[in-house]
Amino acid sequence: MDGRKKKFIKELLEKPRLRRESGLYVVDGPKMCAEIPEELIEEIYVSETFLSQETDEALSRLIRGRGSQIVSEKEMKQLSDTVTPQGIMALCRQKRPRGLKEIIEGLKGKDRPGLLLGLECLQDPGNMGTILRSAEAAGADGIICDRGCADVYAPKVVRSTMGAIFRLPVLSVDDLKPACRSLKEDGFEVLAAHLHAEREYDKADLCLPSLILIGNESRGLTEELSSEATSLIKIPMLGKTESLNAAVAASVLLFEAARQRREANGSRK
């Protein structure tokens, strides 16, 4: 492999700025690579051993159809950021929405109200990946992250999304407050998960078009952003626990929205 390309891939794994500027990121491992939409694949790299042993027909067609580059086991180890490389990695184009309007346009024509998640200064990559998986599983339509959030295209986040990164729109904005105001103008409820809220989360009407706000792991939401909410909600807890992990809290709220919408949909049939 060309030395400049090798350096570029290594830096892409390490530098968020390069990922932003290039619009590319790295996907590692057969399960994740098999889920990449073909139009997002820039290049595929496979080790000689992986190519000789691969038996999955769909993955084999993908590899051969994209004119993959074959690299040695040594080169694959040099490229991968994992201790034990799995023999295949892809250079992938990011699928970022161009703006909030694109997400809102994508909601038109759907037979259910929009469900979005807003993340403020969420910094743990594992939390970010878990939230993307939960959001997709609960039927969310997209995620909006402010500039203080972990990069969704960082290797650890990408791995922990288990493919949700390819399917769920993730919009990065400098500040969530203008997004909240714009969505309220479009008829969205803005619900902030807040420890001092009086309203319990299952009492909120999540069948309405909704943006759910989740804050930083240790500090929660800022008061400035909370003030943009149409309602503050909390998850009641027993025992001495004061708060939940951010990813757990997001998942609870998202699946409550999914439950309410499922029941409302059933009552209309």
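Predicted model: local features only at pLDDT ≥ 70, side-chain atom pairs only at ≥ 80, totals over all residues.
## A walk from a cysteine to a pocket

Now turn to another cysteine, Cys 33. Is Cys 33 buried or exposed? Its relative accessibility is 1%, so Cys 33 counts as buried. How many disulfides does the count come to? The answer is zero. Cys 33 shows this well: the nearest cysteine sulfur belongs to Cys 92 and is 8.5 Å away.

Next, find the strands. Strands of a sheet pair through backbone hydrogen bonds, and they can do this either parallel or antiparallel. In this model, four strands form an open sheet with mixed pairing, and their order is β1-β4-β2-β3. At the edges of this sheet you will find β1, residues 24-28, and β3, residues 69-71, each of which pairs on one side only. If you compare neighbouring strands, they are turned against each other by 25° on average, with direction ignored.

Strand β4 deserves a careful look. On one side, strand β2 (residues 41-47) is joined to strand β4 (residues 88-93) by five bridges, and these two strands run antiparallel. Trace two of the partners yourself: Ile 44 is bridged to Ala 90 in β4, and Glu 43 has Leu 91 of β4 as its partner. Strand β1 is also antiparallel to β4, again with five bridges between them. Here, Leu 24 finds its bridge partner in Arg 93 of β4. Why is β4 described as largely enclosed by the rest of the structure? The reason is that five of its six residues are buried.

How many cavities of 30 Å³ or more does the structure hold? There is one, and about 40 Å³ of space lies in this largest cavity. Among the residues lining the largest cavity are Val 26, Val 27, Asp 28, Pro 155, Val 158 and Arg 159. By type, the lining of the largest cavity has six nonpolar residues, three charged ones and no polar ones.

Our last stop is the largest pocket, with about 490 Å³ of space. Its lining is made of 24 residues, and those nearest the centre are Ala 193, His 194, Leu 195, Gly 220 and Ser 243. Which elements each supply at least two residues of the lining of the largest pocket? They are β11 (231-234) and α13 (246-268). Of the elements, α13 gives the most to this lining, with three residues. Sorted by type, the lining of the largest pocket holds 12 nonpolar residues, eight polar ones and four charged ones.

Methods. Residues numbered from 1 in each chain as written. Heavy atoms only, no water. 1 Å grid on protein atoms, 1.4 Å probe; cavity = no way out; pocket = protein on both sides within 12 Å on 5 of 7 lines; lining within 4 Å. Points joined across faces, edges and corners; volume = space filled by probe spheres on them. Nonpolar A, V, L, I, M, F, W, Y, C, P; charged D, E, K, R; others polar. Disulfide = S-S within 2.5 Å. Buried < 20%, exposed > 50% of the residue type's maximum accessible area, 1.4 Å probe, protein only. Pairing = 2+ DSSP bridges. Axes fitted to C-alpha atoms, helices over the stretch in contact; angles between N-to-C directions.
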